[in-house]
Amino acid sequence: MTEEAEYDAAGSAEVIRGEPIPAAPVDTGGQGCHAEAAKMDAAARMAGQSEILDRYAADYPQGPHDKPQSMCPAFGSLRVGLRMRRVATVLSGSACCVYGLSFVSHFYGARRSVGYVPFNSETLVTGKLFEDIRAAVHDLADPARYDAIIVTNLCVPTASGVPLRLLPDEIDGVRIVGIDVPGFGVPTHAEAKDVLAGAMLNYARREAEAGPVARPTSGKHDRPTLALLGEMFPVDPISIGQLLAPMGLGVGPVVPCREWRELYAALDCGVAAAIHPFYTASIREFQAAGRGVVGSAPVGHDGTAAWLAAIGEAFGVGASKVAAAQNAFLPAIRGALASAPIKGTITLSGYEGSELLVARLLIESGAEVPYVGTACGRTEWSRADRDWLEARGVKVKFRASLEDDCAAMEAIRPDLAIGTTPVVQKAKEMATPALYFTNLISARPLMGPAGAASLAQVVNAAIAGKARMDRMKDFFDGVGTEDSTGIWEGSPNLHPEFRDRNMKKLEKQARARKAAEMI
């Protein structure tokens, strides 16, 4: 088959090989990747994917909910790959999924194409899809352009058992890393970042164990270093480096890394800091390399004091040096918190993984935070933050659903709701001031003195907008709701008989399902 190199209308997804006819031989009820998670999971296990799914279930336990309502998890791993220098990314999945992921990644600033290996029912069943993927990575593997190629199976190829593990480890010196990121196995896009970060750390660790590896472009630090787990605001690693300096320590790379050589430097650290506590696959690689792991982060006064003590203990730093670091920064943090107080009741939810850290900072700033919901799972590395919050009467909900977050907001009636887009929408319908967590809260410094006063301005300004929200609600009361939804030149055409007929149909279907269960 000759190579095809075509771009879609947006110029964002490159068809590398094959015909773009998305179909799946697995029994998904005609819904493809939108089929029930249990059905897709069963199909994947029948196709030999039990080991991968069992590992994901252990790394990212889902709890009582099927999965939180967030974007496709593969966006997380895709974004990590697209941010790395000299790394190509290739997706294998339904065309609609690849288009959506490519669109969202470029909306968030990706500056390179996303490789795409399409399939149809025949190529999926006969194994030709795997041959197309292998041919595609051979075509891409140019050592002058790439250090690595990331190949990702989405839902349908994972459920059909497309074996990325059989791809060559390297081609002409270009590393090949294959991962499966199905929506029915990885709960959130934040945890999908860990799937890829852990796979790359595993590859880099095996390289280092086999012999000498390339020196990182930044060189080797002259002090013992601390690797940082989890994406964070660019100022935060600098702030953490300043906190560590009095103890004779330096800050290492942030994982996920921006280039392959940084993986070696990260593994060469003395200790890894699980700033985002759900990076379980990455933590496993650091532990396999003999590195210690410390949870929480230097947020607020109490968090910074406890975190510096834990880091000092992990590195074996003397108590006098730990005290010197604490005395150098804690007064400044206390002063920053006092100079920018926050007054009001706030509910907080999100899917980035830093929700507990933000809640700690808000509380130390003077806010009352009765509820914190995070789409990520509970791990031992979040214990310190969870215990601190619960000791102050905060309800901490892991694997929180949209319904959990909205119910908490409606029950508490806060002065401000911080959350995901649908939570913010619901809050504004109630005339409650609200802020989107991802763009307005997590995109700010949180660590050390720089983070202590970073939230006050935007939070206080939002809370002060309550009167404006009330005026808007009064002005637009009843517009665009229920039967008046949409644009009408006259009165809406009401047809209550349609609603009654549909309700009877739903009740009949429910009775039929219940009768089938009894047979």
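This is a predicted model: local features need pLDDT of at least 70, side-chain atom pairs count only at pLDDT 80 or more; totals for chains, interfaces and linings use all residues.
Biologist: Which strands are the edge strands of the open sheet of five strands, whose pairing is parallel?

Modeller: The five strands are arranged in the order β14-β13-β12-β15-β16, and their pairing is parallel. The twist averages 10° from one strand to the next. Two of the strands pair on one side only, and these edge strands are β14 (395-398) and β16 (434-436).

Biologist: Which residue in β16 is the bridge partner of I418?

Modeller: Strand β15, residues 416-419, runs parallel to β16, and three bridges join the two. Within this pairing, the partner of I418 in β16 is L435.

Biologist: At about what angle to β13 does helix α14 run?

Modeller: Helix α14 covers residues 355-364 and lies across β12 (345-350), β13 (368-374), β14 and β15. Its direction relative to β13 is given by an angle of about 175°.

Biologist: Are helices α16 and α17 roughly parallel or roughly antiparallel?

Modeller: Two packed helices are described by the angle between their axes and the distance between the axes. Helix α16 (residues 402-412) packs against helix α17 (residues 421-429) with the axes 10 Å apart and at an angle of about 30°. Angles under 35 degrees count as roughly parallel. The angle therefore makes α16, relative to α17, roughly parallel.

Biologist: How many charged residues are there in the contact of α16 with α17?

Modeller: α16 passes α17 in a crossing that is right-handed. From α16, the residues L402, D405, C406, M409 and E410 meet P422, V423, K426 and A427 of α17. The residues of this contact divide into six nonpolar and no polar, and the number of charged residues is three.

Biologist: Are α12 and α13 roughly parallel or roughly antiparallel to each other?

Modeller: Helix α12 spans residues 300-315 and helix α13 spans residues 319-339. Their axes come within 9 Å and cross at roughly 165°. Angles over 145 degrees count as roughly antiparallel. The relation of α12 to α13 is therefore roughly antiparallel.

Biologist: How many nonpolar residues does the contact of α12 with α13 hold?

Modeller: α12 passes α13 in a right-handed crossing. On the α12 side the contact involves G300, H301, T304, A305, L308, A309 and G312, which meet V322, A325, Q326, L330, I333, R334 and L337 in α13. Five residues of the contact are polar and one is charged, while the nonpolar residues number eight.

Biologist: Why is strand β7 described as largely enclosed by the rest of the structure?

Modeller: Strand β7 consists of the seven residues 174-180. A residue is buried when its relative accessible area is under 20%. The strand is largely enclosed because the number of its residues that are buried is six of the seven.

Biologist: Which residue in β7 stands opposite V151?

Modeller: Strand β5, residues 148-153, runs parallel to β7 and is joined to β7 by six bridges. In β7, the residue opposite V151 is G178.

Biologist: Which residue in the turn between β6 and β7 has a positive phi?

Modeller: Strand β6 (residues 170-171) pairs with β7 in the antiparallel sense over two bridges, and I171 stands opposite V174. The two strands form a hairpin with two residues between them. The turn residue with a positive phi, of about 55°, is D172.

Biologist: Is Y203 buried or exposed?

Modeller: Y203 is found in helix α8, residues 189-210. Beyond residues up to four places away in sequence, Y203 touches D169, E170, R175, I176, V177 and W260. The C-alpha atoms of Y203 and V177 are 7.9 Å apart, although 26 residues separate them along the chain. With a relative accessible area of 8%, Y203 is buried.

Biologist: Which strands stand at the edges of the open sheet of four strands?

Modeller: The order in this sheet is β9-β8-β10-β11, with parallel pairing. Two strands have a single partner strand each, so one side of each is left without a neighbour in the sheet; they are β9 (250-255) and β11 (292-295).

Biologist: What angle does the direction of helix α11 make with that of β8?

Modeller: Strand β8 (residues 225-229) and β9 pair in the parallel sense over four bridges, with T225 opposite G250. Helix α11 (residues 280-288) packs on the sheet and touches β8, β9, β10 (271-274) and β11. The direction of α11 makes with that of β8 an angle of about 155°.

Terms used
Residues are numbered from 1 along each chain as its sequence is written. Side-chain values use heavy atoms; hydrogens and water are left out. Axes are lines fitted to C-alpha atoms, for helices over the stretch in contact, and angles run from 0 to 180 degrees between N-to-C directions. Angles under 35 degrees count as roughly parallel, over 145 as roughly antiparallel, 65 to 115 as roughly perpendicular and the rest as oblique. A crossing is left-handed if the near helix is turned anticlockwise from the far one by less than a right angle, and right-handed if clockwise. Contact means heavy atoms within 4.5 Å. Ala, Val, Leu, Ile, Met, Phe, Trp, Tyr, Cys and Pro count as nonpolar, Asp, Glu, Lys and Arg as charged, and the others, Gly among them, as polar. Two strands pair if DSSP finds at least two bridges between them. Buried means under 20% relative accessible area, exposed over 50%, partly exposed in between (1.4 Å probe, protein chains only).
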